[in-house]
Amino acid sequence: MSTLKFAVLPGDGIGPEVMQVALNVLNVVAEKHQLQLDFQQADVGGIAIDNHGQALPNSTLEVCREADAILFGSVGGPKWESLPPKEQPERAALLPLRKAFSLYANIRPGLLYPELTEASPLKTDRIPNGIDIVCIRELTGGIYFGQPKETTSLDDGDIQAVDTMVYKKSEIERIADVAIATARSRGKRLCSVDKANVLETSVLWRKTVSEYIAEKAPELELSHMYVDNAAMQLVRDPNQFDVLFTENMFGDILSDEMAVICGSLGMLASASLGAGENSLGHPFGLFEPAGGTAPDIAGKNLANPSAQILSAAMMLRYSFGLEEAAAQIENAVETAVKGGTRTSDIAFGRDAASTTDMEKAIIAAL
Ligand code: NAD
């Protein structure tokens, strides 16, 4: 019997509610696949500020270090919004976690089942079969981290701010490996997004990607697109893409655009994979829903648990190498949703099924 050792950080708002459902689903799957769940729960975000004085206490970091993966809920809420920006739960918890585990590869599936096309802001005739794409975003380089990063007062009384965009060839090849693996497991088409007509980092990005894919994965169909065009093409015809992959800031913007055209925040999961291997020889990763803590519905049994459950499925796939168990969870969510158990996600109307109804439908479909 294999043991799955992971940290559980539910966070704030709907985080603990949807996390409990994900754990219940994992328990059922573990029994079916003879897996032993060995997880430890720890505070993160606002609740950690309340209980320990900081959003990411050392004790929580320690729990993560001893684990092979992190299942994360979401953090933040009105109670902590008046704190200085550097102490805000998201910034003070998620960014240090990414840094501590060198989580350089963000994988976000953009999935909209055909039965839910009405939930998308796009015209349904543009997406008759729903949406099925993946965005791979580089997460630890680029303009968010490059130095110098500062605001200075100039001699003439003006004020100047500088951010610096930096990429190394090795960083680009590292994320290209993740894009290659993802494309190989899907439609074998990669679209690399950059701004090579203006930015030096993009010129290096495009050259590196072209040479690397030609050498390592010549069987894949590779195309390049400028980011402004990619933003337009995503709303014009999202399914022209199979796997989009891009640098940090472009990926930040495009993956949120992708989330919105998929209609429902409550359905979207994500994985952030680290540079190191876990004790099982798989990538260490942090797995979390795309949405936030939804304070407007917290505590009302209204939250859609699907994104948290699908994040748990991604954890099984990437950090534990359990493809079959992961697919079983994904199929169960799909069956439940297609069967008509639509959660009370804002996209589907608040009068739809409750969190517990959704849990029952998914567990019944496992
Ligand atoms: P949000 O994603 O929490 O909510 C936006 C809307 O989507 C709300 O109407 C909410 O009810 C709905 N929604 C989100 N997830 C849902 C789900 N699973 N089921 C049903 N409906 C769902 O974004 P926001 O309102 O901008 O932010 C609220 C708080 O969450 C803020 O404190 C913000 O900082 C934090 N946040 C955290 C993360 C994170 O932890 N990664 C991400 C985004 C926002």
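Good morning. The structure is a predicted model, in which local features need pLDDT of at least 70 and side-chain atom pairs count only at pLDDT 80 or more, while totals for chains, interfaces and linings use all residues. Residues are numbered from 1 along each chain as its sequence is written, and side-chain values use heavy atoms, with hydrogens and water left out.

I begin with the overall picture. The protein has 11 helices and 12 strands; helices (H or I, at least four residues) and strands (E, at least two) are DSSP runs, numbered from the N terminus. Its C-alpha trace spans about 60 × 50 × 40 Å along the principal axes. A compact globule of 366 residues would have a radius of gyration near 21 Å, and the 20 Å of this protein agrees with that. That radius is taken over C-alpha atoms, and the globule rule is 2.2 Å times the number of residues to the power 0.38.

Of the 366 residues, 52% are buried. Buried means under 20% relative accessible area, exposed means over 50%, and partly exposed lies in between, with a 1.4 Å probe and protein chains only. Among contacts (heavy atoms within 4.5 Å) between residues at least 6 apart in sequence, 75% join residues at least 24 apart.

I turn now to the sheet. In what order do the strands of the open sheet run? The order is E2-E1-E3-E12-E11-E4-E5-E10-E8-E9, 10 strands with mixed pairing. Two strands are taken to pair if DSSP finds at least two bridges between them. At the edges are strand E2 (35-41) and strand E9 (221-226), each of which pairs on one side only. From one strand to the next, the twist averages 25 degrees. Axes here are lines fitted to C-alpha atoms, for helices over the stretch in contact, and angles run from 0 to 180 degrees between N-to-C directions.

Consider strand E4, residues 103-112. Eight of its 10 residues are buried. With strand E5 (residues 131-138), E4 pairs in the antiparallel sense over eight bridges, and Pro-109 has Val-134 of E5 as its bridge partner. With strand E11 (residues 269-277), E4 again pairs in the antiparallel sense, over four bridges; here Ala-105 stands opposite Leu-273.

E11 in turn pairs with strand E12 (residues 283-289), antiparallel over six bridges. In that pairing Ser-270 stands opposite Glu-288. Glu-288 deserves a moment of attention. Although buried, Glu-288 has no salt bridge, and the nearest side chain of opposite charge, Arg-98, is 4.4 Å away. For charge, Lys and Arg count as positive and Asp and Glu as negative, whereas His and the chain ends are not counted. A salt bridge requires a side-chain nitrogen of Lys or Arg within 4 Å of a carboxyl oxygen of Asp or Glu. Leaving aside residues up to four places away in sequence, Glu-288 touches several residues, including Phe-72, Leu-94 and Ser-311.

Strand E8 is largely enclosed by the rest of the structure, because five of its six residues are buried. E8 and E9 pair in the parallel sense over six bridges, with Leu-190 opposite Leu-222 in E9.

Two helices lie across this part of the sheet. Helix H8 (residues 248-261) lies across E4, E5, E8 and E10, at about 160 degrees to E5.

Finally, the salt bridges, of which the count is 16. One of them joins Asp-242 and Arg-186, at 2.9 Å from N to O. These partners are 56 residues apart: Asp-242 is in the loop between H7 and E10, and Arg-186 is in the loop between helix H5 (169-184) and E8. Asp-242 counts as buried at 6% relative accessibility, whereas Arg-186 is partly exposed at 25%. Asp-132, Arg-186 and Asp-242 are linked in a network of salt bridges.

Asp-228 forms another salt bridge with Lys-195, with the closest N and O atoms 3.0 Å apart. Asp-228 lies in helix H7 and Lys-195 in the loop between E8 and helix H6 (200-216), 33 residues apart. Lys-195 is buried, with a relative accessible area of 17%, while Asp-228 is partly exposed at 41%.

Within helix H6, Glu-211 and Lys-207 are four residues apart, about one turn of the helix, and form a salt bridge with closest N and O atoms 3.0 Å apart. Thank you.
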